[in-house]
Amino acid sequence: MHFSRTDSGASDKGPVLLPKLFRRCAASYVTHGSLQNLLADIRASRSDKFVRTSDFLKGGVAFKQWGNAQGGAVRAAASGKVKLALAPWEFVLKEEPSTLYRDIGGQRREITAF
Amino acid sequence: MGTLRIAGKISLGQFWPKGAVGNSQGSDADTVKVVVDKSRILFNGQSSTALGSAYAIDKGKKKAVINTKGEINVRLQGVDAPELHYPTTVSKQIAQAPNGHFRQAWGESASKALAAFLRRKFGNGPLACEVVSQNIGKPNDICDSHGRVVGNVVVKGLDVNLWLLDNGWAFPTFYESMLKDEIEEATARAQQAKAQGLRIWKDYQSTAFFDA
């Protein structure tokens, strides 16, 4: 639903996806006007890498793209629609790299010490 | 590896809809602004200056970790609340459908519930709090790619992240920086909320849909 700045006071209860999947749906819908390309868009993305939680807790770090055709977390359902095949707690996501900087003498320097 | 602790205060006026003023859209349930006490930023118990004048590069722009109001944006670790105002980054040139900010069901309720709970339990604030981030090995581990500090917000011993999971206001969402204990605890709490059919879990869908 579109963003509205006011609080209508009405109930906002209703079907809800995992927000991460919702964000991909929003982008795909706006891009194509439907969700027909959702799985293709997800698979084309280089982000959204995951590993199963059970494997992660054993020390596994073999992350793969979550729309991977071989056992990804996001798959085509029998209906042809896109489905999150794992419960939200069943996967661990790879983080996007983050770097903190500080300007010193007009130069950008990575912060390396606490 | 170590633990970063940041003392600060939370204003309850930041949450949507009250916080939606001017360019601010108001905090949702999984992102909290904390006014930092810069003298009480500690890494493993030692005073840290890592965040002073620190910035990240987000979408090509500098984003100060501590803004001009002395605030940090905290992304609550391990939880993902329904979206309140998600902006797609699809350009106008390629968009085939109306663009803008999008909201999920339960996004409004989750934000309002968190503010109401904190007010009821602790008063109108500002509320003293501590931001706790474990498993930190280097300064780059403190923030996400948007320059937000990732951690748990604790108010007088109450862990806000876990409260959201306990009460079915947020989904668990795990990242590789989390500790095994943190993942296991969040899993147990989310599973209990789901078993009780609390709030978002009553309406949870795993098959993708989109209401424009």
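Predicted model: local features only at pLDDT ≥ 70, side-chain atom pairs only at ≥ 80, totals over all residues.
**About the model.** Local features need pLDDT of at least 70 and side-chain atom pairs count only at pLDDT 80 or more, while totals for chains, interfaces and linings use all residues. Residues are numbered from 1 along each chain as its sequence is written, chains are lettered from A in the order written, and side-chain values use heavy atoms, leaving out hydrogens and water.

**View 1. Helix H1 of chain A is mostly covered.** This helix (a DSSP run of H or I, at least four residues) takes in residues 19–32 and reaches 20 Å from its first C-alpha to its last. Of its 14 residues, 10 are buried (under 20% relative accessible area, 1.4 Å probe, protein chains only). Among them are A:Leu21, A:Phe22 and A:Arg23.

**View 2. A:Arg23 reaches across to chain B.** Its side chain meets that of B:Glu83 in a salt bridge, 2.5 Å from N to O (the rule: a side-chain nitrogen of Lys or Arg within 4 Å of a carboxyl oxygen of Asp or Glu). Between chain B and chain A, the count is 4 salt bridges.

**View 3. Chain B and chain A meet.** The contact (heavy atoms within 4.5 Å) takes 80 residues from chain B and 59 from chain A. Together the two chains bury about 6,500 Å² (accessible area lost on being put together, 1.4 Å probe, summed over both), with 60% of it on carbon and sulfur atoms. In chain B, B:Tyr55, B:Glu176 and B:Phe210 lose the most area to chain A.

How values were computed
Helix = DSSP H or I, 4+ residues; strand = E, 2+ residues; numbered from the N terminus. Expected span 1.5 Å × (residues − 1). Buried < 20%, exposed > 50% of the residue type's maximum accessible area, 1.4 Å probe, protein only.
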